[in-house]
Amino acid sequence: MAVEAIAKEAEIIKPRNDKREYRRIVLPNNLQVLLISDAETDKCSTSMDVRVGSFSDPNGLEGLAHFLEHMLFYASEKYPLEDSYSKYITEHGGSTNAFTASEHTNYYFDVNPDCFEEALDRFAQFFIKPLMSADATTREIKAVDSENQKNLLADVWRMNQLQKHLSVKDHPFHKFSTGNWDTLEVRPKERGLDTRQELLRFYNENYSANLMHLVVYSKDSLEKSENMVRSKFQEIRNTDRSSISFTGQPCDSESLQILVKAVPIKQGHKLRFVWPVTPGIRHYEEGPSRYLGHLIGHEGEGSLFFILKKLGWATSLSAGESDWTCEFAFFKVVIDLTDAGHDHFEDIVALLFKYIQLLQQSGPSQWIFDELAAICETSFHYQDKIRPIDYVVNVAFHMQFYPPRDWLVASSLPSKFNPKIIHSALEELSPYNVRIFWESTKFEGLTDSTEPWYGTAYSVERLAGSTIQQWIEKAPKENLHLPVPNVFIPTDLSLKTVSEPIKLPVLLRKTPYSRLWYKPDTAFSTPKAFVKIDFNCPFSGSSPESEVLTEIFTRLLMDYLNEYAYDAQIAGLYYGITNTDFGFQVTVVGYNHKLKILLETVIQQIAKFEVKPDRFAVIKELVTKEYQNLKFQQPYQQAMYNCSLVLQDQTWPWTDELEILPHLDVENLAKFYPLMLSRTFLECYVAGNLEPKEAESIIQHIEDVFFKAPNPVSQAMFASQFMTNRIVKLERGMNYVYSAEGLNPSDENSALVHYIQVHQDDFKLNVKLQLFALIAKQPAFHQLRSVEQLGYITVLMQRNDSGIRGVQFIIQSNVKGPGQIDLRVESFLKMFEIKLYEMSSDEFKSNVNTLIEMKLEKHKNLREESGFYWREISDGTLKFDRRECEVAALKQLTQQELIDFFNEHIQCGAPGKKSMSVRVYGSAHSSEFEADKSLTAETEFVQIEDIFSFRRSRPLYGSLRGCFGHMKL
């Protein structure tokens, strides 16, 4: 390693710019702990990683490890009140979660610093004396079943299980790991087993301190943290359980050299090449998998993807190691195909292996490895800070596999060039060692087998390596070659001096063409910048046609720039071009050294845009499939979409856009492009390690390109042309209902979005709404999800539509229809009303203080900070000091004011309440669809029959955006 920054404690390698302190300790019970002290943190966090996962599920009890993960956090002997842990964490500004992987299970939380010690004690008790009550057992099996139901029609889950299914039957990789009602309730009972007793046995046998790794991230000193951890975690039992090792390979000769044709749910075609390989963890400093993934997954000129894209056969390609353990791993290449690519299956297989042959013939390259190592080193030492909760989860996982010095590094710093190891890894990517999974809806009706857990239709045929060799000989003669040196690697990582610390964005420049907001980096001290240019184009959002054409235009731009900008992406400089409601946005973020070069190329491409017929056809096909696949969204996503469609004026349903797509051609876009850009206004935000003059020159250059050229592409917009998002104003005292049948007849799940609209952006009202949401969030989850078991997806959250604030319950269920769920939400609000009235003044003050701490939480990195300020700009609120103003409003808030707010806006039957229930009926509840509509007609609900008639009939909130170039500040 070129430069090693060694932490004093246990020689843990950490980034150069990392001011945090680290210490490794091992408790007497053999629990390994990493303490992290961060004096600047606003959140404390902990993660416990237990070296047991779904591979350890007993036969016939599939999903038991996952079920234990659900059950563990219910209660403990010391804190026996059910759900009190989650309640405590939520009420003190935190969050908690867990996940089960094949060989480990991870539990984690974060919380405000002043409550960390008690939160840590509650957390520790689950590993000392948990109470997994008989009462909770059945309820939580239902929760696991609901989680599985949500996944049944998701291709990512289906195809993952198919790969497991077609592996060695007595290897744990073959197992179904989620669990469901059948595996955890029905089948065990048939065999005379008590699932709870099996759960307790599994816990007692596997949860031993010597198999656990704990990360504690605190504001306290290392000494204080160590004392706290020793006192709270030393009682965890240590049975000296051996680390379970699953030897043997998941693939034998029967499961290699196969071609699997599978039918996905969504439209499209995909190829997955899967090779069993030596786990990269064994050679993580040499990085063979990273080296090969870098080259096979490259998108620059001469790469495999470049050729497949040029031929019009592929729209994306990724390569790298996955599903790894210490004993086995898979190297995967995944290619999304076009219709034409689907018809050239053999050629694509041949070109992939031809590229692998090229790598073998060229031999491992020292300069490519050195370049990759340099990029990795810069990335490690200049990494952005992330949320502590994400950080501790990553590190706790690393602790299971890497020596202490590399707990923070893991495999992110390849440093030893070893041609022999790279060559061995390359040899494993052979035609005689491959499994090819070919997914396409075109295989419907042509398969002969069904995967048992998800019902995926598939067929398997032998594909001899010798056959692939024949295809290679007939492969298209394309100029595949290795990448050239990367010109985007930053070499100037110096920090600009800020003459005066600007704490909030300032309006640096305003012309008839643009407005520039600027914010230098005063918090993160990284050589990075963030630039966003929002092109407001009045012709872009004026119809469904113009919206689709704008989307195709932005996708084509990204398509044209792909091979050029790919090097920038590898080197840590990212860009994106996305369509918006009224135009499109260009965003560039990353190292500032060569940011201007990339941005100017992007701007040039926009200004000189031409429609290439071959690429237009590919992008149109891709966009069409994406629209067609919207009907396979989860029901709760459909409900959220319908809610937005009702509320947001001047938005078009995706069904209209899908209907238009087949009729759009090259000429439509060629005519639309100059019209779209003929009048435009640029809303700009520049932040980070750039000086004011640099920010101004960037925007001046863009203005020159679009408005000042001899034949300008654009002219300034008229004041009358400024477009803004307007939100429908619901009527006070009204309960609206919009009902729709689920778009996928195979999906049994139903969903409800119960939305309560409250007000337009106002500090005092904002904090009342936020405080209600904070206090009600955990009780809603506990009652509707844990107790009533309505469904795995159950959430109460705030909603903000262009500055119009409200709150929404989002629930997806396969046990109750949307009408029934609506009644349960109303019932919860009546229950919560009593809780709110009975709340003590101490509890009220505690909740207020929690919300204040949450508001004063500092941004972790430039991207996060920029997102916050950009929201103010795009909504037109421009309250850059929002957090401080809302904290001031919170400090003045009385308990009675919160109760009055609830009584006026939230309470059932409140005279000022404006609510709307958006219901989606899955196939399990389709019979209730008409019945509920008839019932609704007889109650106080107002049925929305047609969204667009309803929108036209309602008044709109005024826009906060005003008129961009003419706005008075």
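Arg871 is partly exposed, with 36% relative accessible area. In this predicted model, Arg871 makes a salt bridge with Asp875, and their closest N and O atoms are 2.9 Å apart. Asp875, in turn, is buried at 10%. Both residues belong to helix H27 (residues 862–875), where they sit four residues apart, about one turn of the helix.

## Salt bridges across the chain

Glu563 and Lys309 meet at 3.2 Å, N to O. Glu563 is in helix H17 and Lys309 in helix H10 (residues 304–310), 254 residues apart. Lys309 is buried at 8%, while Glu563 is partly exposed at 23%.

Another bridge pairs Arg919 with Asp822, with 2.9 Å between the closest N and O atoms. Because Arg919 lies in strand S25 (residues 914–921) and Asp822 in helix H25 (residues 818–838), this pair ties together parts 97 residues apart in sequence. Both partners are buried.

## Aromatic pairs

Phe535 and Phe706 are edge-to-face, 5.3 Å centre to centre with 70° between the planes. Phe535 is in strand S16 (residues 528–536) and Phe706 in helix H23 (residues 692–707), so the pair ties together parts 171 residues apart in sequence. Phe535 is buried at 0% relative accessibility, and Phe706 is buried at 0% too.

Phe553 and Phe609 are also edge-to-face, with ring centres 4.9 Å apart and planes at 80°. Phe553 comes from helix H17 (residues 544–570), and Phe609 from the loop between helices H18 and H19, 56 residues apart. Phe553 is buried at 1% and Phe609 at 6%. Elsewhere, an aromatic cluster includes Phe73, Tyr85, Tyr107 and Phe109.

## Helix H13 and its cover

Helix H13 (residues 366–381) has 16 residues and spans 22 Å from first to last C-alpha, close to the expected 22 Å. Its buried residues include Ile368, Phe369, Glu371, Leu372 and His381. Among the elements covering the buried residues of H13 are helix H9, helix H15, H17 and strand S18.

Technical notes: Residues numbered from 1 in each chain as written. Predicted model: local features only at pLDDT ≥ 70, side-chain atom pairs only at ≥ 80, totals over all residues. Heavy atoms only, no water. Phe/Tyr/Trp six-rings, centres within 6.5 Å; stacked < 30°, edge-to-face > 60°. Helix = DSSP H or I, 4+ residues; strand = E, 2+ residues; numbered from the N terminus. Buried < 20%, exposed > 50% of the residue type's maximum accessible area, 1.4 Å probe, protein only. Expected span 1.5 Å × (residues − 1). Contact = heavy atoms within 4.5 Å. Salt bridge = Lys/Arg side-chain N within 4 Å of Asp/Glu carboxyl O.
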